[in-house]
Amino acid sequence: MDRVVYVDEKKEAIQELSFALQDTYEVIPCLNPRETVSLIKKYNPKAVLLEIALRGYSGFQVLEDLQKLPHPLPAMVISEHIDPLFVVRALKTGAQDYLSRPYTISMLTHRLKRLIASSAPKNLEKGEGYVKRPLSIHKGSFFIGTSPFIQQVRELVRFYADSHYPVLIQGESGTGKDLVARMLHFSSYRAHGPYEVRNVGAIPLSLLESELFGCEVGAFTDARQRKGCFELAHNGTLFLDEIGNASDSLQAALLRVIEDGEVRRLGSTTSIFVNTRIICATNKDLGELVKKGKFRDDLRYRIAHLVISLPPLRKRKEDIPLLVEYFLRNSAFPDASISSKALSFLQDYHWPGNVRQLRACLERALLLCQGTHIEVGHISFE
Ligand SMILES: Nc1ncnc2c1ncn2[C@@H]1O[C@H](COP(=O)(O)OP(=O)(O)O)[C@@H](O)[C@H]1O
Ligand SMILES: [Mg+2]
């Protein structure tokens, strides 16, 4: 049986966890956080679980100690403290996952399984230590901007990329949510795994369950065997766009998969474990939707463990010249230029359609000036 070390000063917490894992792992209790490293050397465990709020010697220090090991072990924090600052700091200090109390046995075993599975490729990659990969979007597109907002978004992407937690990306339409979702996937150790995208509002109710969970032959008339998107995205990322449009039944189904980490194809009697990272995006205020009774609070809580908010373009106008430059260089007219008057004109506008609108506006202007020099007269905001 594989071993895991569990660091917690509370005997009851250790008992509870040992009980939860009795059939799957041997739990090595560590009541004194300072002894974590020596226990690891002695027992050679597959992972470390720890409480973050320890007296005297904090969980963060334990995480730092783990980083100094020649072969860092995957670590998961289990805590009642779910303050985002705690979570971010723990992930930044080297934890791969953060499970909040109270947990269920299936939640715990699932997350632990995923934690151990995910650490394998990473350790192989470079032998030791955390490898900082460059942020990547793939397909030659870049995430442009130097405003503090955008720098912060980049930081968060870096912290969150390798975590298993669902990420919620929120922001007005055209602010770059798709781009950030791709960046999260392609900067993570999952980059070589699948990246599946579904627009939640666009899945017809009748196809919903088979789309999500897949189905077996004969599950319903004419049913053929197929995988659902959770399964298709195994070892990769599933990006659920426009999550605010999810119907009641979709919300219930999502909650089930996120909590259990398992899917069952329609017409099947067995569940399949999936290691799928979920990213959701919305241009709606989910808090408002919850208040209006249109979105489940428990689901919001699950999908919004980690949140990235993209500011509207009008709040980071200093990024406009860079974006303009970028879009011109990558247009059909890479030698085109823009007058400084036209540029200030663009900077003065409030951009309700954000970066998408800016891009379209430049494309129109380029056509009007026939790819030479953009003047104010070539600009329209339609
Ligand atoms: N920071 C950025 N740098 C470069 N291109 C961007 C940036 N933000 C958005 N875009 C571009 O603007 C368009 C809209 O972005 P998208 O990610 O689809 O927005 P959303 O999903 O929020 O509606 C896309 O063409 C995208 O490539
Ligand atoms: Mg989008």
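This is a predicted model: local features need pLDDT of at least 70, side-chain atom pairs count only at pLDDT 80 or more; totals for chains, interfaces and linings use all residues.
Where is the place of Ser163? Ser163 sits in the loop that joins helix 6 (148-160) to strand 6.

Which residues does Ser163 touch, once neighbours within four places in sequence are left aside? They are Leu91, Gln96, Arg277 and Leu306. Arg277 belongs to strand 13, where Thr237 stands opposite it. Leu306 falls in strand 14, which covers 306-310.

Now the sheet itself. Five strands make it up, and the sheet is open. The order across it is 7-10-13-6-14, with parallel pairing. Strand 7 (195-199) stands at one of the edges, and strand 14 at another. Each has a single partner strand, so one side of each lacks a neighbour in the sheet. From one strand to the next, the twist averages 20 degrees. Look inside the sheet at strand 10 (residues 237-241) and strand 13 (residues 277-282). These two pair in the parallel sense, over four bridges. The facing residues Thr237 and Arg277 give a point to find on screen.

A helix covers this sheet. Helix 7 (residues 177-186) lies across strand 6 (167-171), strand 7, strand 10, strand 13 and strand 14. Against strand 6, helix 7 runs at about 155 degrees.

Helix 7 also packs on helix 6. Two packed helices are described by the angle between their axes and the distance between the axes. Here the angle is about 40 degrees, and the axes are 9 Å apart. The crossing of helix 6 past helix 7 is right-handed. What meets what at this contact? Helix 6 brings Val153, Val157 and Tyr160. Helix 7 brings Val180, Met183 and Leu184. The residues of this contact divide into six nonpolar, no polar and no charged.

How far does the predictor trust the model? The mean pLDDT of the chain is 88, and 94% of its residues reach 70 or more. Confidence is highest in strand 6, at 97. Confidence is lowest in helix 5 (residues 105-126), at a mean of 70. Over residues 121-132 the pLDDT is below 50. Beyond near neighbours in sequence, that stretch still has 15 contacts in the model.

Key
Residues are numbered from 1 along each chain as its sequence is written. Chains are lettered from A and ligands numbered from 1 in the order in which they are written. Side-chain values use heavy atoms; hydrogens and water are left out. Two strands pair if DSSP finds at least two bridges between them. Axes are lines fitted to C-alpha atoms, for helices over the stretch in contact, and angles run from 0 to 180 degrees between N-to-C directions. Contact means heavy atoms within 4.5 Å. A crossing is left-handed if the near helix is turned anticlockwise from the far one by less than a right angle, and right-handed if clockwise. Ala, Val, Leu, Ile, Met, Phe, Trp, Tyr, Cys and Pro count as nonpolar, Asp, Glu, Lys and Arg as charged, and the others, Gly among them, as polar. pLDDT is the predictor's confidence in each residue, from 0 to 100.
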